[in-house]
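Please consult the sequence and the structure while reading.

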Amino acid sequence: MKLKPVHDKIIVKPISHKNDEVTESGIILPDTAAQGKLLEGEVIAAGNIIYSTSGDSIPIVVEKGDRILYGQHAQVQEYKLNGEDVVIMSQNEVLSILEDD
């Protein structure tokens, strides 16, 4: 199956770095426990355009293949696509696009 996002929506495959911390007492804190933590993902599909309230077209700034950062508490919808976890979000939730030097 394939998802085709509409308007300003993007489909992101989260990238896990497995950075769980273990406290001195042995309690495992998952990497999602940190407040304000940034998450990384790869855009696997993106909508093509959105319109402002005045009717002007606004291009989508991310594209398929981009690696992005988004906030842990971003407004996302989780979905299982072909057995893999993905998230659907607005491009407005993207905080940064990661680029090589």
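## Terms and model

In this report, two residues are in contact when they have heavy atoms within 4.5 Å of each other. The model described here is predicted.

## Overall organisation

The chain contains 10 strands and 0 helices. Read from the N terminus, its elements follow the order β-β-β-β-β-β-β-β-β-β. Of the 101 residues in the chain, 28% are buried. The chain exposes about 7,400 Å², and carbon and sulfur atoms supply 49% of that area.

When contacts between residues at least 6 apart in sequence are considered, 69% join residues at least 24 apart.

## The nonpolar core

The largest nonpolar core comprises 13 residues. Ile10, Val12, Val43, Val62, Ile68, Tyr70 and Met89 have the most contacts inside this core. Two or more residues of the core come from each of the elements β1 (9–15), β4 (38–46), β7 and β9 (84–90).

With neighbours within four places in sequence left aside, Tyr70 is in contact with Val12, Pro14, Lys37, Leu38, Leu39, Glu40, Gly41, Val87, Met89, Glu93 and Leu95. Two of these partners, Val12 and Met89, are also named among the core residues with the most contacts.

## Salt bridges

The structure holds 4 salt bridges, and three of them are described here. Asp8 pairs with Lys9, and their closest N and O atoms are 3.2 Å apart. Asp8 is buried, because its relative accessibility of 11% is under the 20% cut-off. Lys9, with a relative accessible area of 34%, is partly exposed.

Lys13 forms a salt bridge with Glu84, with 3.0 Å between the closest N and O atoms. Lys13 lies in strand β1 and Glu84 in strand β9, so this pair ties together parts that are 71 residues apart in sequence. Both partners are partly exposed: the relative accessible area is 33% for Lys13 and 39% for Glu84. A further salt bridge joins Arg67 to Glu40, whose closest N and O atoms are 2.0 Å apart. Because Arg67 belongs to strand β7 and Glu40 to strand β4, the pair ties together parts that are 27 residues apart in sequence. Arg67 is partly exposed, at a relative accessible area of 39%, whereas Glu40 is buried, at 12% relative accessibility.

Which side chain of opposite charge is nearest to Asp66? It is that of Arg67, at 9.5 Å.

Asp66 is located in the loop between β6 (57–59) and β7 (67–71). Its side chain reaches the backbone nitrogen of Glu63 at 2.9 Å. Apart from neighbours within four places in sequence, Asp66 is in contact with Gly41, Glu42, Val43, Val61 and Ile97. One of these partners, Val43, is among the core residues with the most contacts.

A polar atom of the Gln91 side chain lies 2.9 Å from the backbone nitrogen of Val61.

Not counting residues up to four places away in sequence, Gln91 touches Asp8, Ile10, Ile50, Pro59, Ile60, Val61 and Val62.

## Positive phi angles

Most residues other than glycine have a negative phi. His7, however, has a phi near 55°, a positive value. His7 is placed in the segment before β1 and is exposed, with a relative accessible area of 53%.

Asn82 also has a positive phi, near 50°. Asn82 is found in the loop between β8 (76–81) and β9. Asn82 counts as exposed because its relative accessibility of 56% is over the 50% cut-off.

Methods. Residues numbered from 1 in each chain as written. Predicted model: local features only at pLDDT ≥ 70, side-chain atom pairs only at ≥ 80, totals over all residues. Heavy atoms only, no water. Helix = DSSP H or I, 4+ residues; strand = E, 2+ residues; numbered from the N terminus. Buried < 20%, exposed > 50% of the residue type's maximum accessible area, 1.4 Å probe, protein only. Lys, Arg positive; Asp, Glu negative; His and termini not counted. Polar contact = N/O pair within 3.5 Å; in protein donor to acceptor, adjacent residues only side chain to side chain. Core = buried A, V, L, I, M, F, W, Y, C linked by side-chain atoms within 4.5 Å. Areas by Shrake-Rupley, 256 points an atom, 1.4 Å probe, with all protein chains shown as cover.
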